[in-house]
Amino acid sequence: MTHVVVSTWQEKVVGSGAMGMKRLRQHCAALVNEVDVPDPFDVRELCARLGAARGKPIHLLPQAMPAGGPCGLWVSTDNAEYIVYEERTSAPHREHIILHEIGHLLSDHGAVPVPGEDSTRMVFPSLDPQTVQRVLSRTHYTAVEERQAELIASLLLERVSRRAPESRWTVSREDAGAVERIRRSLGNT
Ligand SMILES: [Zn+2]
């Protein structure tokens, strides 16, 4: 059975100041220290390096996300990671969404295991339009996990000294099919 892990990110305030925050920060800092952060910084290059280091490519898929839904989504299959992000927002916000999902990924936040059939429908041909919504409805993260993902996103950016000039965000031909299938599954046409 193929396992797919789905993570979402919704715009909300992640609280701080709780006991254990120092330990959480140390744990996140250790995870971030393992990451080969490109200089100048480019989030796509970061994902390319991280994917190579993990032996599993990370595909970035721009998407017009449905109103009221998440801004970001992480789908993990046996062969690849897919980070879906809201495309109709600023470049810094897109980057933040992606880094937050990377935070879940680095933390091994296993969410909902999805049966192979559903995972196949999600990112491979013959997509069932309701599959993604069904999977999303089963996804739940704790407040601590959300805080951890946010911490990792900010710690990654703390390591950035320079930024690459903003370039066009293009989707590879290989990813275009997956983008189209996710678009349809989210009910966008
Ligand atoms: Zn999250």
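Tutor: Let us begin with a definition: helices are DSSP runs of H or I with at least four residues, and they are numbered from the N terminus. The model we are looking at is predicted, and in this model Gly55, which comes just after helix α2, takes a positive phi of about 70 degrees.

Student: How do you know that the span of helix α2 agrees with what it should be?

Tutor: The expected span is 1.5 Å times one less than the number of residues. For the 12 residues of α2, residues 43-54, that should give 16 Å, and since its end C-alpha atoms are 16 Å apart, the two values agree.

Student: What are the buried residues of α2?

Tutor: They are Val43, Leu46, Cys47 and Leu50. Seen down the helix axis, these residues fall within an arc of 95 degrees, so they line one face of α2.

Student: What makes β4 largely enclosed by the rest of the structure?

Tutor: A residue is called buried if 20 or more other C-beta atoms lie within 10 Å of its own, and 6 of the 6 residues of β4 are buried, so the strand is largely enclosed. Glu81, Ile83 and Tyr85 point one way from β4, while Tyr82, Val84 and Glu86 point the other way.

Student: Which residues touch the most other members of the largest nonpolar core?

Tutor: Of its 29 residues, they are Leu60, Ile83, Tyr85, Ile98 and Ile152. Leaving aside residues up to four places away in sequence, Ile83 touches several residues, including Leu60, Trp74 and Ile98.

Student: Why is Ala64 counted as exposed?

Tutor: The cut-off for exposed is 12 or fewer neighbours, and Ala64 has 11 C-beta neighbours inside 10 Å, so Ala64 counts as exposed. Ala64 is found in the loop between β2 and β3. By contrast, Val75 in strand β3 has 25 other C-beta atoms within 10 Å, and is therefore buried.

Student: What makes Asp108 exposed, and what is its phi?

Tutor: With 9 C-beta neighbours inside 10 Å, Asp108 is also under the cut-off, so it counts as exposed. Asp108 lies in the loop between α3 and α4 (116-123), and its phi is positive, about 55 degrees, although it is not a glycine. Most residues other than glycine have a negative phi, and most peptide bonds are trans.

Student: Which residues does a cis peptide bond join?

Tutor: The cis bond joins Asp39 and Pro40, with omega of about 5 degrees, and Pro40 is found in the loop between α1 and α2.

Key: Residues numbered from 1 in each chain as written. Predicted model: local features only at pLDDT ≥ 70, side-chain atom pairs only at ≥ 80, totals over all residues. Helix = DSSP H or I, 4+ residues; strand = E, 2+ residues; numbered from the N terminus. Arc of directions from axis to C-beta. Core = buried A, V, L, I, M, F, W, Y, C linked by C-beta atoms within 7 Å. Contact = placed C-beta atoms within 7 Å.
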